Structures are given as C-alpha cells and as structure tokens.
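Subject: Structure handover

Dear colleague,

I am handing over the structure that we discussed, with the sequence alongside. Please look through it before reading my notes below.

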Amino acid sequence: MDISHENNKFFIQENSEELAALTYVPNGDVLTVDHTEVSPELEGQGIGKKLVAEIVQYARNEGKTIDAQCPFASAIIDKTPEFQDVLAK
C-alpha cells in the first residue's frame, strides 16, 4: 500500500476511498500532528505506525520537529526510540 502526501496529510487511498490518514498543522519549524485514523479493515496491520514513520522521515528531510498532539502518534513515538530525535522540545 502506497502512502501519499498532500495538503498536510499522509494517507492511504484505494479506489478513491481514504483508508488511513495522519494529519498535521505546519507552524514554522514544528509539525503538529493532530489526528491519525485507520479504517477498521486495516486495523492491527501496523498501518498507523507506518503513517507515523512517514511524518518522522518527512520532518527529518525538512529539518523540522514534531509536536504529537494526537494520542496515537504520541504513543507510537514514545514507544519507538528511533523516532524521538524529531520531537519538539
């Protein structure tokens, strides 16, 4: 499944239906992750973590940090030491 990125959102779409998404609000050098959602048919497959990994890599590439206001994204980053380098202080 390919993850797309546009309009401050990383998402997975199939047949024009959005199956999973992570949205963020850019504010200077900080990307505030405000929502993550995965459709019931994809739950339990690690899709949410893949979306978080995408924004972590994007933040690294852009020289930005992440403020994870979304409880899901925050929990994934907290549990994944290799993602913590991009956390906003």
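What follows is a summary of the fold, the sheet, the helices and the overall dimensions.

This is a predicted model, in which local features need pLDDT of at least 70 and side-chain atom pairs count only at pLDDT 80 or more, while totals for chains, interfaces and linings use all residues. Residues are numbered from 1 along each chain as its sequence is written, and side-chain values use heavy atoms, with hydrogens and water left out.

The protein chain has two helices and five strands, where helices (H or I, at least four residues) and strands (E, at least two) are DSSP runs numbered from the N terminus. Along the sequence these elements follow the pattern β-β-β-β-α-β-α.

The five strands form an open sheet in the order β1-β2-β3-β4-β5, with mixed pairing; two strands are taken to pair if DSSP finds at least two bridges between them. Because β1 (4–5) and β5 (65–68) stand at the edges with a single partner strand each, one side of each is left without a neighbour in the sheet. Strands β2 (residues 9–14) and β3 (residues 17–27) run antiparallel and are joined by six bridges, and E14 has E17 in β3 as its bridge partner.

Helix α1 (residues 47–62) lies across β1, β2, β3, β4 (30–38) and β5, and runs at about 35 degrees to β3. Helix α2 (residues 71–79) also packs on the sheet, where it touches β4 and β5, and its direction makes about 125 degrees with that of β5. Axes here are lines fitted to C-alpha atoms, for helices over the stretch in contact, and angles run from 0 to 180 degrees between N-to-C directions.

As for the two helices together, the axes of α1 and α2 come within 10 Å and cross at roughly 80 degrees, which means that α1 is roughly perpendicular to α2 (65 to 115 degrees). The contact (heavy atoms within 4.5 Å) is made by G48, K49 and V52 of α1 and by F72, A73, I76 and I77 of α2.

On overall dimensions, the C-alpha atoms fill a box of roughly 40 × 25 × 20 Å along the principal axes. The radius of gyration of the protein chain is 12 Å, which agrees with the value near 12 Å for a compact globule with 89 residues; this radius is taken over C-alpha atoms, and the globule rule is 2.2 Å times the number of residues to the power 0.38. Buried residues (under 20% relative accessible area, 1.4 Å probe, protein chains only) make up 35% of the 89 residues.

Best regards

Terms used: Buried < 20%, exposed > 50% of the residue type's maximum accessible area, 1.4 Å probe, protein only. Parallel < 35°, antiparallel > 145°, perpendicular 65-115°, else oblique.
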